[in-house]
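The sequence and the structure are shown first.

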Amino acid sequence: MKTFTSIFWLQKRIRWSLIFSLSGLLVSCGAGDIPVGVYSLNSLYTEDQPALSGNGRFLAFVSNRNGNQQLLMYDLETQSFIPTPGLNRRETVAESPSLSYTGRYICYLTSDQGRPVIALYDRAMKQSQIITPTYRGWIRNPHISPDGRYIVFESASRGQWDVEVLDRGPTVELDIPNGATVGN
């Protein structure tokens, strides 16, 4: 009987040391170390659908910071937000962002008269344009090529989800090939 209680006592000791170790780990990895605020990457609001530029410098994501859903762009090198005038409109929802290599082009899904359309924002020109205005069927998940010429997306125009490629043409100004960034 004594052997049983000493093993039981040893098991109790191991169990308590395990509990204290795990609770110490949880306290040391708490969310208090993550910077949260209006000007930091993390906030107290919902943020999702992240997209990273090809060079790994820029991050685009959908946020609900100001009470409405908007697409934000963040520079990971300088740890600051990039101004994108003309990108977010009050009446529309932007989602599913995709970035070209240096982040010059942002391709995203928005709505036009209740139908999803693909829009393209050019940071150099500081303007957004809808590139699928008369497209038949539903579309989703747009992605732009690193050079900004091609956009691939899913389409339900044939009654099933298919992959489609949109060529913006040979005369389109491609994303800067040498990796230089677009001026703010």
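Strand β5 is mostly covered, as four of its five residues are buried; buried denotes under 20% relative accessible area, exposed over 50% and partly exposed in between, with a 1.4 Å probe and protein chains only. Strands, like helices, are DSSP runs numbered from the N terminus, with at least two residues (E) for a strand and at least four (H or I) for a helix. The model is predicted: local features need pLDDT of at least 70 and side-chain atom pairs count only at pLDDT 80 or more, while totals for chains, interfaces and linings use all residues. Residues are numbered from 1 along each chain as its sequence is written, and side-chain values use heavy atoms, with hydrogens and water left out.

β5 pairs with β6 in the antiparallel sense over three bridges; pairing requires that DSSP finds at least two bridges between two strands. L99 has I106 of β6 as its bridge partner. The two strands β5 and β6 form a hairpin with five residues between them, and G103 in the turn has a positive phi of about 80°.

## Overall architecture

The protein contains one helix and 11 strands. Of the 184 residues, 33% are buried.

## Nonpolar cores

The largest nonpolar core has 12 residues, including F58, L71, M73, L99, I106 and Y121. A core of this kind is a set of buried Ala, Val, Leu, Ile, Met, Phe, Trp, Tyr and Cys residues joined through side-chain atoms within 4.5 Å. Another core, of 10 residues, lies apart from it, with L109, L120, I151 and F153 among its members.

T84 is found in the loop between β4 (80–81) and β5 (95–99). T84 counts as buried because its relative accessibility is 15%. Leaving aside residues up to four places away in sequence, T84 touches L71, M73 and Y121, where contact means heavy atoms within 4.5 Å.

## Salt bridges

The structure holds eight salt bridges, each defined as a side-chain nitrogen of Lys or Arg within 4 Å of a carboxyl oxygen of Asp or Glu. R57 pairs with D75, their closest N and O atoms being 2.7 Å apart. R57 lies in the loop between β1 (47–52) and β2, and D75 in strand β3, 18 residues apart. Both R57 and D75 are buried, and a network of salt bridges links R57, D75 and E77.

D167 forms a salt bridge with R149, with 2.7 Å between the closest N and O atoms. Since D167 lies in strand β11 and R149 in the loop between β9 (139–144) and β10, the pair ties together parts that are 18 residues apart in sequence. D167 is partly exposed, at 40% relative accessibility. In the salt bridge of D162 with R158, the closest N and O atoms are also 2.7 Å apart; D162 is buried at 16% relative accessible area, whereas R158 is exposed at 62%.

## Surface

The protein exposes about 11700 Å², of which carbon and sulfur atoms supply 57%; the areas come from the Shrake-Rupley method with a 1.4 Å probe, and for residues only the protein chains shown count as cover.
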